[in-house]
Amino acid sequence: MQEFLNEHWLDILTTVLGLIYIWLEYRASIALWVLGIIMPALDIWLYWSHGLYGDAGMACYYTLAAVYGYAVWKFGRKKNQTTSVMPITHTPARLYLPIVVFFFVAWGLTYYVLITWTNSTVPVLDSFTNALSFVGLWALARKYIEQWFFWMVVDVVCTILYVQKGIPFKAGLYGLYVLIAVMGYYKWKRLMQDEKVSAHT
């Protein structure tokens, strides 16, 4: 048992933090960004030690992006915003094309980095989840409800990757993330409708 814990303690710890993080995201709580700084900092070490260099790099981005996300949720405003708290909205149609272009560019660049400067054994999928996570985290920071769709795809692919890479607890966490992402979408949809009602009363 002690040997098992010595081998997997970091995987277990980041999994527990991940559960708290997704619960806070489900509730649309700004506290998620505080945990969003701590957890990916630990993930850098975890992923790097298992050869998931793209994910390790992504964890660096998550740490910095969490600071941005907190600032946007705390101080940012959207067009026609009438409350002090940033509302949940749909992604504006005008952003669809830039999002798609950015995703493919990010996927290609991340893939190039992985095959050029690392010995990653899963460069296609690793770069795919990284590129889509860039988009998902940005959409989360802007409180766009479609961010849940991005995470559903990322979580499914990551679950498979982590099983293959021997990170069982993290794999289980991302499998749970898939279910929570579905529930999160409907939770945010209800919150968005409630915000609209409140804004007109």
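In this predicted model, the residues that line the largest cavity divide into 20 nonpolar, four polar and four charged. These 28 lining residues include Tyr21, Met39, Tyr62, Trp151 and Tyr174, which lie nearest the centre of the cavity. Two or more lining residues come from each of the helices α1 (2-26), α2 (32-49), α3 (53-75), α5, α6 (147-164) and α7 (168-199). The largest cavity holds about 370 Å³ of space. The structure has one cavity of 30 Å³ or more.

Helix α5, which contributes to the cavity lining, also packs against α6. The axes of α5 and α6 are 9 Å apart, and the packing angle is about 150°. Angles over 145 degrees count as roughly antiparallel, and α5 is therefore roughly antiparallel to α6. The crossing of these two helices, α5 and α6, is left-handed. On the α5 side, the contact is made by Leu125, Asp126, Phe128, Thr129, Leu132, Ser133, Val135, Gly136, Leu137, Ala139 and Leu140. On the α6 side, the contributing residues are Gln147, Phe150, Trp151, Val153, Val154, Val157, Cys158 and Leu161. By class, the contact of α5 with α6 comprises 14 nonpolar, four polar and one charged residues. Trp151 of α6 takes part in this contact and is also one of the residues nearest the centre of the largest cavity.

A further contact joins α5 to α4. Helix α4 spans residues 96-117 and helix α5 spans residues 123-141. The axes of α4 and α5 come within 8 Å and cross at roughly 140°. The two helices, α4 and α5, are therefore oblique to each other. Their crossing, that of α4 and α5, is right-handed. Helix α4 supplies Ile99, Phe102, Phe103, Ala106, Trp107, Thr110, Tyr111, Leu114 and Ile115 to the contact. Helix α5 supplies Pro123, Val124, Asp126, Ser127, Phe128, Asn130, Ala131, Leu132, Phe134, Val135 and Trp138. The residues in the contact of α4 with α5 are 16 nonpolar, three polar and one charged.

Some residues of α5 take part in both helix contacts. Asp126, Phe128, Leu132 and Val135 are among the α5 residues in the contact with α4, and these residues, Asp126, Phe128, Leu132 and Val135, are also among those in the contact with α6.

Note on methods:
Residues numbered from 1 in each chain as written. Predicted model: local features only at pLDDT ≥ 70, side-chain atom pairs only at ≥ 80, totals over all residues. Heavy atoms only, no water. Axes fitted to C-alpha atoms, helices over the stretch in contact; angles between N-to-C directions. Helix = DSSP H or I, 4+ residues; strand = E, 2+ residues; numbered from the N terminus. Parallel < 35°, antiparallel > 145°, perpendicular 65-115°, else oblique. Left-handed = near helix turned anticlockwise from the far one by under 90°. Contact = heavy atoms within 4.5 Å. Nonpolar A, V, L, I, M, F, W, Y, C, P; charged D, E, K, R; others polar. 1 Å grid on protein atoms, 1.4 Å probe; cavity = no way out; pocket = protein on both sides within 12 Å on 5 of 7 lines; lining within 4 Å. Points joined across faces, edges and corners; volume = space filled by probe spheres on them.
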